[in-house]
Amino acid sequence: MISFYDVDHKIDQNCINYLIKYIDNYILNNRCCNNYPNCIHPKEQTDPNLLHVNDKFIDIVRNDMFDKFKMFVKEDKLNITYLKCWALKNKGSTQLNWHQHSLRNSDKEVSFIMYLSDTTLGTEFETNNYNMITKPKKFTWIFFNSDILHSPQIGKENNMRYVIAGAIGCNRNGN
Ligand SMILES: [Zn+2]
């Protein structure tokens, strides 16, 4: 299942401008992995801990993400087993990068995406039953089950695109 939610009103253009500067700074010391730049990751990608920081605006994003996460899973009493969140910046890509985020270690695993920039490039999704491409819209959360294959839509743009993407795992209480 894929669902779309408007972001909380606190995530406004001012907040987005702040986040973009924050990401520009954060990425310098928090690259995708220890093998950067000799790794398979998109070149301008942060580590998975973007939402683990204490910061006024990151707090707003994390809180809103959890609110929408609860709407998506429609369950209250869940224990989070992991939270990963990356930021990516690029001007598009010339090849598809199909992947999914499921670790298969939790009762529920959900992924999310938010575009921080105006862009024409969305995200492609593929299941046994459909292919679809989302319209890339700012101020919108995309939530989907983590086992759904997805890829950034290919294409090139003049301006830098900023995207937040992540994955959460959770167990029902008692597990
Ligand atoms: Zn890497």
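**Helix packing and sheet arrangement in a predicted model**

The structure is a predicted model, in which local features need pLDDT of at least 70 and side-chain atom pairs count only at pLDDT 80 or more, while totals for chains, interfaces and linings use all residues. Residues are numbered from 1 along each chain as its sequence is written.

The buried residues of helix 2 are Val61, Met65, Lys68, Phe69 and Phe72. Viewed down the axis of helix 2, these residues fall within an arc of 110°, so they line one face of the helix; the arc is that of the directions from the helix axis to the C-beta atoms. An α-helix has 3.6 residues a turn, so residues three or four places apart point the same way. Helix 2 consists of 18 residues and reaches 26 Å from its first C-alpha to its last, close to the expected 26 Å, the expected span being 1.5 Å times one less than the number of residues. Lys74, with a positive phi near 55°, follows helix 2.

In total the protein contains two helices and eight strands. Both kinds of element are DSSP runs numbered from the N terminus (helices: H or I, at least four residues; strands: E, at least two). Their order along the sequence is β-α-α-β-β-β-β-β-β-β.

Five of the strands form an open sheet in the order 1-6-3-8-2, with antiparallel pairing. Strand 1 (2-6) and strand 2 (78-93) are at the edges with a single partner strand each, so one side of each has no neighbour in the sheet. From one strand to the next, the twist averages 20°. Strands are taken to pair if DSSP finds at least two bridges between them. Strand 2 and strand 8 are paired in the antiparallel sense over 14 bridges, and Lys84 has Ala167 in strand 8 as its bridge partner. Strand 3 and strand 8 share eight bridges, also in the antiparallel sense, and here Phe112 stands opposite Gly166 of strand 8. Strand 3 (residues 108-115) also pairs with strand 6 (residues 140-145), through five antiparallel bridges. Asn145 in strand 6 is the bridge partner of Val110.

Helix 2 (residues 56-73) lies across strand 1, strand 2, strand 3, strand 6 and strand 8 (155-172), and runs at about 130° to strand 3. Axes are lines fitted to C-alpha atoms, for helices over the stretch in contact, and angles run from 0 to 180 degrees between N-to-C directions. The cover over the buried residues of helix 2 includes strand 1, strand 3, strand 6 and strand 8. Residues are in contact if their C-beta atoms, placed from the backbone, lie within 7 Å.

Helix 1 (residues 13-29) has 17 residues and a reach of 25 Å from its first C-alpha to its last, close to the expected 24 Å. Cys15, Ile16, Leu19 and Ile23 are its buried residues. Down the axis of helix 1 they fall within an arc of 90°, so they line one face of the helix. They pack against helix 2, strand 2 and strand 8. On the other side of helix 1, the exposed residues are Asn14, Asn17, Lys21, Asn25, Leu28 and Asn29.

Strand 7 pairs with strand 4 (residues 123-126) in the antiparallel sense over four bridges, and Phe125 stands opposite His150 of strand 7. In a regular strand the side chains alternate between the two faces of the sheet. Apart from neighbours within four places in sequence, Ser151 is in contact with Leu96, Asn97, Trp98 and Glu124.

Over the protein, 29% of the 175 residues count as buried. Of the contacts with a separation of 6 or more, 80% involve residues 24 or more positions apart. The C-alpha trace spans about 50 × 40 × 35 Å along the principal axes. The radius of gyration is 16 Å, which agrees with the value near 16 Å for a compact globule of 175 residues. This radius is taken over C-alpha atoms, and the globule rule is 2.2 Å times the number of residues to the power 0.38.

Definitions and conventions:
Two residues are in contact if their C-beta atoms, placed from the backbone, lie within 7 Å. A residue is buried if 20 or more other C-beta atoms lie within 10 Å of its own, exposed if 12 or fewer, and partly exposed in between; C-beta atoms are placed from the backbone.
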